[in-house]
Amino acid sequence: MATGGDKPPSLDVDMVDLASLDAPAASSAAAAGAPSTRFRPRAKSKPKPKPEAPKPVPVAVPKPEPVPGLVSAPEPEPEPEAPLENDRVDAMEVDVAGDAAGVGERAEAEEEEDFVVREIDVYYTPKPFDDDTKLYIMQYPLRPCWRPYELNEICEEVRVKPLSSEVEVDLNVDTQSENYDQEAPLRLTKQTLSSSKADGVSDYAVGVLKGNLVYLNHIDAVVQLRPSMSHVISGRAYTRQALQSREINGGASGSKAPSRKGDERPEDSKDNAEDSEPWISLTYEPAGSSIATKYHDKMISNEGGPIDFTMNKEMFPLPLEERLKKWFTEVSEVNQFDALKHLAPTYSEEEILKLLPEYAYLVRGLWVCKSSLLFDDGYASKRDRVLLEFTKSESIPSEVLDSWIRLDDPRRKRILLPLCKRRGILKDYKFISTDLSFLKHYPHMVNEQECAWSAREMTISESLKMGSTVARKSKNLTRPNVASKGPHPNMTKGRSSSDQGSEELVLMQSVLGTVFTSNKVRSMQAVVRDLRQLAAKYASDRKEGSKLQALSKAAKDCASLSQDKLKNSICSVAAEVHDVFVAKHDDKFNLRNILIVLFRKREPNAKLTKQEILAGAVQYMKREVTDKEYHQAVTEICISTEDGHWVLKNGDEP
């Protein structure tokens with residue numbers, strides 16, 4: 001399609017236009033129409049004889065007068081005899097090359113700075129069409145650009161399965177062509193192109209350049225079309241006659257010809273044969289038609305919002321901590337370290353790496369936003385569980401991930417889309433990428449993050465265990481009273497107030513345990529906030545019925561307690577250390593409990609060194625702790641200071 005006039009602008013960006021964006025100002029020779037020799041092939045001819053170099057002409061140079069206060073240079077020695085003819089030619093070539101290089105360097109030094117030759121506004125249209133219209137990119141890997149399919153002339157029908165993004169295209173075969181085998185046993189009159197999904201294209205968009213505007217359009221899928229071999233596998237042509245014969249005979253003929261529009265699939269299909277999604281037949285519209293023009297106009301409408309590229313300008317005035325948090329939560333959840341360094345050009349790598357663990361996890365060499373910055377406790381735990389598995393393997397089977405996050409979960413896509421991509425053929429989810437360069441160049445950071453993930457794995461395991469325990473308790477507590485055979489009349493009455501009070505106490509301890517599962521250190525204000533969020537979350541989930549409603553009421557009642565009563569309830573699951581509460585570990589001699597003792601003996605906001613922590617472990621645990629135990633304990637309840645010491649968290653972290 002041509003740009004301008006009555007026809008819509010082309011979807012393909014003109015390479016000449018792109019070249020003009022970067023090309024320098026044309027020289028006078030080019031302006032005069034001088035032909036360019038940049039890409040001209042060299043002529044194959046005999047080499048010309050090397051010209052004889054002219055003899056150098058001696059030039060008399062006056063002897064400089066001595067300057068007072070400076071030491072004169074020694075007298076130059078007399079020039080040696082002139083070299084042989086060949087040597088003289090080589091020497092002149094070297095001198096000429098040196099002079100040329102000097103001129104080039106001076107010219108480069110005098111060259112003006114780069115200047116902006118054109119500014120282009122970028123608009124993004126997240127969904128240019130209605131819900132029934134999809135935008136696909138179709139690739140033809142077996143066809144070079146200089147030998148495309150002549151779709152306008154030979155395309156007969158297009159079929160699509162919208163849910164699985166499958167496409168088939170029927171092309172007419174020229175049976176009169178000299179390349180057509182007239183003696184072939186299969187008289188193939190049509191060729192079918194079948195699609196397969198392209199890998200690694202989750203971030204693609206379609207860009208349309210019109211004047212000084214570029215319109216980016218969201219795409220639904222990228223498919224690669226290759227000739228289908230179903231006619232070879234089945235032994236018969238893939239034709240409409242075969243399909244009609246099969247439908248007339250009710251499928252009893254035993255024909256293996258695949259269905260084109262029904263529920264059946266070609267035998268070479270890579271998807272599950274039991275998939276019953278029907279094919280939808282479409283009519284191919286050539287470029288430039290009225291229908292194609294209508295959809296093309298929607299892709300270049302100004303309904304989409306312009307993309308703001310001034311994020312860095314807004315971020316640079318902020319402290320580095322706020323820059324990182326804003327970037328991870330508002331711009332990109334998954335980042336390479338080299339990209340993050342652009343956010344802090346005035347900081348060293350060590351300074352950036354020191355702050356990164358406060359806002360992100362390291363997963364396969366990439367820095368991923370912390371789940372607690374994006375979701376509440378429940379969904380943060382689900383996301384952490386997914387990330388933990390990706391640290392062990394680059395893919396997760398679909399059935400496993402589906403059991404962790406249900407298919408109908410409203411936040412499933414929000415969690416998974418930034419992290420991984422689904423592979424239908426392999427039936428798994430693959431992590432978005434891997435940064436091998438970071439893993440190679442920063443082994444100390446990799447080891448530190450591995451220890452941190454070991455600590456998170458223990459936390460996730462405790463969370464799952466706590467969740468199952470709470471579910472069992474709430475199920476038993478909310479189970480209706482069922483009368484036994486021959487009930488006593490008084491047995492039909494409700495349970496006593498003491499029983500109800502003990503049940504409420506158990507539920508309160510359960511919700512408090514949930515609060516301290518993800519965050520081991522909490523302030524009083526943070527505990528109240530977490531309880532209220534937990535109550536709202538349980539109340540909004542109606543699928544679990546009375547179980548979660550009972551937990552919601554317990555969380556709400558617990559948040560409404562007086563400060564003294566709430567403190568007493570918290571102390572059943574956590575230990576008070578100055579103004580915060582630290583979750584107690586079930587193992588009395590766990591290093592976390594040792595840290596609680598050490599911080600209690602110090603003044604508020606006291607610092608502990610690694611040596612003091614290890615010495616305390618030997619004193620109370622009667623043994624030395626491993627690096628894994630050490631990193632797990634300190635990262636759970638402490639933060640590192642600039643001088644390498646550890647201080648207790650303030651308990652207000654999100």
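Guide: Two strands pair when DSSP finds at least two bridges between them. Helices (H or I, at least four residues) and strands (E, at least two) are DSSP runs, numbered from the N terminus. You are looking at a predicted model, where local features need pLDDT of at least 70 and side-chain atom pairs pLDDT 80 or more, while totals for chains, interfaces and linings use all residues. Residues are numbered from 1 along each chain as its sequence is written, and side-chain values use heavy atoms, leaving out hydrogens and water.

Let's start with your sheet. It is open, has 3 strands in the order β14-β16-β15, and its pairing is antiparallel. β14 (395–397) and β15 (420–423) are the edge strands, each pairing on one side only. From one strand to the next the twist averages 25°, an angle taken between N-to-C directions on a scale from 0 to 180 degrees, with axes fitted to C-alpha atoms (for helices, over the stretch in contact). β14 is joined to β16 (residues 428–431) by 3 bridges, and Lys 430 of β16 stands opposite Ser 395.

Lys 197 belongs to β5 (residues 190–197). Apart from neighbours within four places in sequence, Lys 197 is in contact with Ser 164, Ser 165 and Val 222, where contact means heavy atoms within 4.5 Å.

There are other strand pairs to enjoy. β6 (residues 205–210) and β7 (residues 213–218) run antiparallel over 6 bridges, with Ala 205 opposite His 218. Their hairpin has 2 residues between the strands, and Gly 211 takes a positive phi near 60° there. Another open antiparallel sheet has 3 strands in the order β20-β22-β21. β20 (607–608) and β21 (638–640) are at its edges with a single partner strand each, so one side of each has no neighbour in the sheet. β20 and β22 (residues 646–648) share 2 bridges, and Val 647 is the bridge partner of Lys 607.

Let's move on to the helices. α21 (residues 591–600) and α23 (residues 627–637) have axes that come within 9 Å and cross at roughly 55°. That angle makes α21 oblique to α23; under 35 degrees counts as roughly parallel, over 145 as roughly antiparallel, 65 to 115 as roughly perpendicular, and the rest as oblique. The crossing is right-handed, meaning the near helix is turned clockwise from the far one by less than a right angle, with anticlockwise being left-handed. Leu 591, Arg 592 and Leu 595 of α21 meet residues of α23 including Tyr 630, Ala 633 and Ile 637.

For another helix pair, see α18 (residues 524–540) and α19 (residues 546–559), packed at about 155° with axes 8 Å apart. These helices are therefore roughly antiparallel, and α18 passes α19 in a left-handed crossing.

Last stop: Gln 449, in α16 (residues 443–477). Gln 449 is buried, at 3% relative accessible area; buried means under 20%, exposed over 50%, and partly exposed in between, using a 1.4 Å probe and protein chains only. Beyond four places in sequence, its contacts include Pro 357, Tyr 361, Trp 367 and Arg 456.
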